[in-house]
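Please read the points below with the sequence and the model open side by side. They cover some backbone features and a few loop positions.

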Amino acid sequence: MSGKQELQKSAAIVRISEEDIKSISEDLRLKLTPEETSAIYEFCDGTCKDYQRVYELTAPTPTVKYPRTPGYRDTQDDSWYYRCDIKGAEKGLLAGKTVAIKDNVTVAGVPMMNGSKLLEGFVPDRDATVVTRILDAGGRILGKSVCEDLCFSGNSCTSSTGPVKNPHDPTRSAGGSSSGSGSLVARKVVDVAIGGDQGGSIRIPASWCGIVGLKPTYGLVPYTGIMPIEKTIDHAGPMARTVEDCAALLEVIAGYDDGNDPRQFPAVPHPPYSKLVNDGIKGKKIGILTEGFVDVEEDLARVVRQRALTLKEAGAEVSDVSLPIHNDGLAIWTPVALEGTYQMMIKGNGHGYNWKGTYDLPLQEALAGAYNLRPFDCPLPVKNVMIFSEYMQRNYQNKFYGKAQNLVQHLTIEYNRILKDYDVIVMPTLPATAFKLPSKGHSVYETLKLELGMIRNTAPFNATGHPALSVNAGLSEGLPCGMMIVGRMLDDLTVLQVARAVEKTFGEKPQ
């Protein structure tokens, strides 16, 4: 007997059989001949060995740099999911600042459920890139803020832990899906927070809670370590009480390429936002977007318009501008958000395919198990996405997703066209002040309409990727009114500077 005998190993995958090949061939209408079936069976032997080797190799896990304990579940404050206390570096731009992390963002060792019963009990083994950058800059993380169930709601009533109440009126919504982050910042429980935004989920709670929330330019802030919805519309960004704090947090999380994850979004050169945010807006051209005021509550529209006009006193040029395609922005976003979400978040177990980034394998495993075991635990807005998207896939393949993505390019060009003449465009963030939280008397249909019934102005800029910020413009019947400021790609600084000028129209303390 010569040579080294290979020992038996636990198989990574069950070896595909000829019966499997025949069955799949019939389902896919491939009409394989017996000879072709046999050839594929033999060829797959080598393929299975490649999969076995991938299984045996050890994938690198990011180093957890700062010590922490798992913390504890907070049942006293509706805006916290889990409390912890992770102290970062001694020095840095965020030294002394307390931070809440939206619960779709991984923090190693601290439970994460993304607002959903499906993920309850999951504990990440890694810090998201934004978490590492916050700690490196001296931030102190106090916990995971409640978010909406799988982040698929603009209202604050879907989280499995219960509704998040508006700080200004407990009968009303705090906005979603970054609901806990908005409430905690507004109530001064933390200084700043991380939010996530696919259709308005940073800007909605910012508007309804009366704080500052920025959806940065697409790709400026890495999404590594954050549970996605649809990678072409996924954004993470800062939420704060002041524009200055918002600018400082953005500067930190936009960060730099430290070489630890060469496949995350490449670092984009950017100015020091925290140092330049107060430079003023004299000579800037601000366009009040006419179409952004369609179907907006009359008093809210009045508050936002008047606040925009006060920027003339700061030396800005302010005038109306029209862009009719804005009226179609939400429609263009819809197939991308619905069908893309279904393919990536549900069928792709949270990550899907075709992305050169770090895949969170434990999170994928947890989601796959949950979806297979208890798909009925998905929230109704996600069930709606699943039903309609499966119907579209079966009957129209990805025709409308593809056409919508092509229209996104046209929509982007059109916004860019008016942003050549204007430094920013402004409009109400939302069509109404905070909705009433649904009660047991609401019908299922009425509640479902409340989930995404406010994103007409916000969603288009998730599709195009332009930076868009909500800042408080004043009050209507005691409730905050958000003004949305939209700027050129990668010109987040000008957006922040205009927002700071809005703050100054109130005096040094924002309302």
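1. Helices (H or I, at least four residues) and strands (E, at least two) are DSSP runs, numbered from the N terminus. With that naming, D328 sits in the loop between β11 (317-321) and α9.

2. This is a predicted model, in which local features need pLDDT of at least 70, side-chain atom pairs count only at pLDDT 80 or more, and totals for chains, interfaces and linings use all residues. Residues are numbered from 1 along each chain as its sequence is written, and side-chain values use heavy atoms, with hydrogens and water left out.

3. Buried means under 20% relative accessible area, exposed over 50%, and partly exposed in between (1.4 Å probe, protein chains only). D328 counts as partly exposed because its relative accessibility is 42%.

4. The peptide bond that joins G176 and S177 is cis, with omega at about 5 degrees. S177 belongs to the loop between β6 (169-173) and α4 (179-186).

5. K188 is not a glycine, yet its phi is positive, at about 65 degrees. This residue lies in the loop between α4 and β7 (192-197). K188 has 63% relative accessibility and therefore counts as exposed.

6. N354, also not a glycine, has a positive phi of about 65 degrees. Where is N354 placed? N354 is in the loop between α9 (329-346) and α10 (361-373). Its relative accessibility is 82%, so N354 counts as exposed.
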